[in-house]
Amino acid sequence: MIRVVIADDQQLIRAGFRSLLESEPDLEVVADAATGAEAVEQVTRLRPDVVLMDIRMPGGDGLWATEQIAGNPELAGTHIVIVTTFELDEYVVQAIRAGASGFLVKDTEPTELIRAVRVAAAGDALLSPGVTRRLLTRLETGLRRPSDPAALAVLTDREREVLALVGRGLTNTEIGVRLFLSPLTAKTHVSRIMSKLAARDRVQLVIVAYETGLVSDGW
């Protein structure tokens with residue numbers, strides 16, 4: 001059973017997400033929270049598998065709550081998915097840097113929300129290519145830091161190829177097809193890259209690929 005905490009200051013959103021998730025036999029909403037502080041308290045106490053985290057909340061926003069949860073070693077098994085809007089949430093990139101495992105827009109399809117929870121619970125990151133590309137394009141200025149090619153010096157040529165494809169939002173299966181590898185071998189490469197670059201998950205690998213210029217604006 002995948003245990004979920006929903007953090008959003010709008011009761012209607014929380015109720016809608018709860019109803020949707022609990023219609024699935026493998027998903028259980030163990031708590032919800034209307035403030036960032038309440039989200040941190042609930043997650044610390046219940047240690048769920050996944051948190052659906054809004055950004056704009058009173059009493060400590062979603063960015064602060066994400067930093068608190070992701071920065072707590074005891075909560076390493078909890079994965080955070082940011083639920084946001086494109087136009088308003090300029091702090092999404094900061095939340096991902098803080099350790100969020102992915103992001104969704106609030107008007108996403110119900111099946112995509114359910115998929116996001118399952119993907120995050122499995123320890124992967126929600127990197128739907130279409131959503132990722134649109135959001136990273138909008139937030140390009142926020143993502144860009146001075147390129148540091150030396151940061152990739154620890155990677156082999158094959159690992160650079162894999163990182164570039166991760167940066168484009170491809171799954172392990174898609175990477176395997178592109179590079180003529182098995183999904184398991186692709187997954188092994190991704191795990192080694194995360195270890196070498198001290199990245200928490202695939203979302204942070206996307207940021208590294210983007211910042212270092214491995215992935216260009218045109219994707």
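User: How are H1 and H5 oriented to each other, roughly parallel or roughly perpendicular?

Analyst: Angles under 35 degrees count as roughly parallel, over 145 as roughly antiparallel, 65 to 115 as roughly perpendicular and the rest as oblique. Axes are lines fitted to C-alpha atoms, for helices over the stretch in contact, with angles running from 0 to 180 degrees between N-to-C directions. In this predicted model, helix H1 (residues 11–21) and helix H5 (residues 110–121) pack at about 75 degrees with their axes 10 Å apart. H1 and H5 are therefore roughly perpendicular to each other.

User: Which residues of H1 and H5 make the contact?

Analyst: Contact means heavy atoms within 4.5 Å. H1 contributes Phe17, Leu20 and Leu21, while H5 contributes Pro110, Leu113, Ile114 and Val117. For classes, Ala, Val, Leu, Ile, Met, Phe, Trp, Tyr, Cys and Pro count as nonpolar, Asp, Glu, Lys and Arg as charged, and the others, Gly among them, as polar. The contact of H1 with H5 has 7 nonpolar, no polar and no charged residues.

User: At what angle do the axes of H9 and H10 cross?

Analyst: Helix H9 (residues 172–179) and H10 have axes that come within 8 Å and cross at roughly 105 degrees. That makes H9 roughly perpendicular to H10. Asn172, Thr173, Ile175 and Gly176 of H9 meet Pro183, Ala186, Lys187 and Val190 of H10. By class, this contact of H9 with H10 divides into 4 nonpolar, 3 polar and 1 charged.

User: How many helices and strands does the protein have?

Analyst: Helices (H or I, at least four residues) and strands (E, at least two) are DSSP runs, numbered from the N terminus. The protein has 11 helices and 5 strands.

User: What numbering and confidence limits apply here?

Analyst: Residues are numbered from 1 along each chain as its sequence is written. Local features need pLDDT of at least 70 and side-chain atom pairs count only at pLDDT 80 or more, whereas totals for chains, interfaces and linings use all residues; side-chain values use heavy atoms, leaving out hydrogens and water.

User: How many salt bridges does a search of the whole structure find?

Analyst: Side chains of opposite charge can pair when their charged atoms come close. A salt bridge is a side-chain nitrogen of Lys or Arg within 4 Å of a carboxyl oxygen of Asp or Glu. The search of the whole structure finds 12 salt bridges. One of them joins Arg45 and Glu41, with the closest N and O atoms 3.4 Å apart. Arg45 and Glu41 are 4 residues apart in helix H2 (residues 36–46), about one helical turn. Arg158 and Glu161 also form a salt bridge (3.1 Å, N to O), and both lie in helix H8 (residues 157–167), 3 residues apart.

User: Which parts does the salt bridge of Glu159 and Lys196 tie together?

Analyst: The side chains of Glu159 and Lys196 meet at 2.8 Å, N to O. Glu159 lies in helix H8 and Lys196 in helix H10 (residues 183–197), so the pair ties together parts that are 37 residues apart in sequence. Salt bridges that share partners also join Arg14, Arg18, Glu22 and Asp32 into one network.
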